[in-house]
Amino acid sequence: MSAPAPIPTPGDIARRTAPAQHPDPEHDTPAEDRDTATPADPGASGGYTTPPRPMYVPRALTLEESVAPGTLADTEYFRSIFRWCLLNSSLPPHARLLAHDLLHRANHKSGRIGAQAQPDTAQLALATGLGELQITVALNTLQSRGWIAYRPPTFAADGRPLRPLYDLVIPALALERARGRRYLLQQQ
């Protein structure tokens, strides 16, 4: 019987050398000597070529337009774009945390928070671990920077107004940046 092989440590793995290259006659020739097909060659892609996508040019927005809610295309998914824009925004940490909590309460396709799902500041404070004053400041920050849109309040049966309803929106500037970034990732 032989002794069991020792278990490798991270140090052992780091000291390993790369395996020898497998001899391949196709890859032994220099790149300029190889016969490669170009996209213009009809035989390379089955007889047709795909035209390049047009370059995405973000719109120039004024200050009012950049904070206004952006309009999503039919092929864009609200939750994923909102999350990407939120992670790449310059919002303070408390506002981001609150926006993430609201994102989980909102409709994943439209960003609307139903009337029954509208949390008050005490519920948001409990969910996020922030104080109610911090929640109020974060809500004001999100509203002033265009991440929340308020709807008119509903009224109770006795005529008193209930709290205003809010929905998540993506500011137009953040949406334009996300579209430009997605275009660049698709081109790679």
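A residue is called buried here when its relative accessible area is under 20%, exposed when that value is over 50%, and partly exposed in between. The structure is a predicted model. By that cut-off, 26% of the 188 residues of the chain count as buried.

The chain has eight helices and two strands. Along the sequence they follow the pattern α-α-α-α-α-α-α-β-β-α. Among contacts between residues at least 6 apart in sequence, 63% join residues at least 24 apart.

The largest nonpolar core has 28 residues. Within this core, F82, L102 and L168 are the residues with the most contacts. The elements that contribute two or more residues to the core are α4 (78-87), α5, α6, α7, β2 and α8 (172-187). L168 shows how such contacts reach across the sequence. Leaving aside neighbours within four places, L168 is in contact with residues including F78, F82, A99, L102 and L103. Its other contacts include A106, S110, G111, I113, W147 and I148.

The pairing of α4 with α5 can be described by its geometry. Their axes are 11 Å apart and the helices pack at an angle of about 175°. Angles over 145 degrees count as roughly antiparallel, and α4 and α5 are therefore roughly antiparallel to each other. On the α4 side, F78, R79, F82, R83, L86 and L87 take part in the contact. They meet R96, A99, H100, L103 and H104 in α5.

Helix α7 holds T141. At 16% relative accessibility, T141 counts as buried. Apart from neighbours within four places in sequence, T141 is in contact with L91, P92 and A95.

Charged side chains form another set of links. How many salt bridges does the count come to? The count is five. In one of them, R179 pairs with E76, with the closest N and O atoms 2.8 Å apart. This pair links distant parts of the chain, since R179 belongs to helix α8 and E76 to the loop between α3 (63-67) and α4, 103 residues apart. Both partners fall under the 20% cut-off for burial: R179 is buried at a relative accessible area of 19%, and E76 is buried at 12%.

A second salt bridge, between D101 and R105, has its closest N and O atoms 2.9 Å apart. D101 and R105 are four residues apart in helix α5, so about one helical turn separates them. D101 counts as buried at 17% relative accessibility, whereas R105 counts as partly exposed at 28%.

The side chains of R112 and D167 also meet in a salt bridge, at 3.8 Å from N to O. Because R112 lies in the loop between α5 and α6 and D167 in strand β2, the pair ties together parts that are 55 residues apart in sequence. R112 is partly exposed, with a relative accessible area of 44%, while D167 counts as buried at 9%. Elsewhere, salt bridges that share partners join E76, E176 and R179 into one network.

Helix α8 also contains L173. Is L173 buried or partly exposed? L173 is partly exposed, with a relative accessible area of 34%. L173 and A60 are 113 residues apart in sequence, and their C-alpha atoms are 9.0 Å apart in space. Not counting residues up to four places away in sequence, L173 touches L61 and S66.

Methods
Residues are numbered from 1 along each chain as its sequence is written. This is a predicted model: local features need pLDDT of at least 70, side-chain atom pairs count only at pLDDT 80 or more; totals for chains, interfaces and linings use all residues. Side-chain values use heavy atoms; hydrogens and water are left out. A nonpolar core is a set of buried Ala, Val, Leu, Ile, Met, Phe, Trp, Tyr and Cys residues joined through side-chain atoms within 4.5 Å. Buried means under 20% relative accessible area, exposed over 50%, partly exposed in between (1.4 Å probe, protein chains only). Contact means heavy atoms within 4.5 Å. A salt bridge is a side-chain nitrogen of Lys or Arg within 4 Å of a carboxyl oxygen of Asp or Glu. Axes are lines fitted to C-alpha atoms, for helices over the stretch in contact, and angles run from 0 to 180 degrees between N-to-C directions. Angles under 35 degrees count as roughly parallel, over 145 as roughly antiparallel, 65 to 115 as roughly perpendicular and the rest as oblique.
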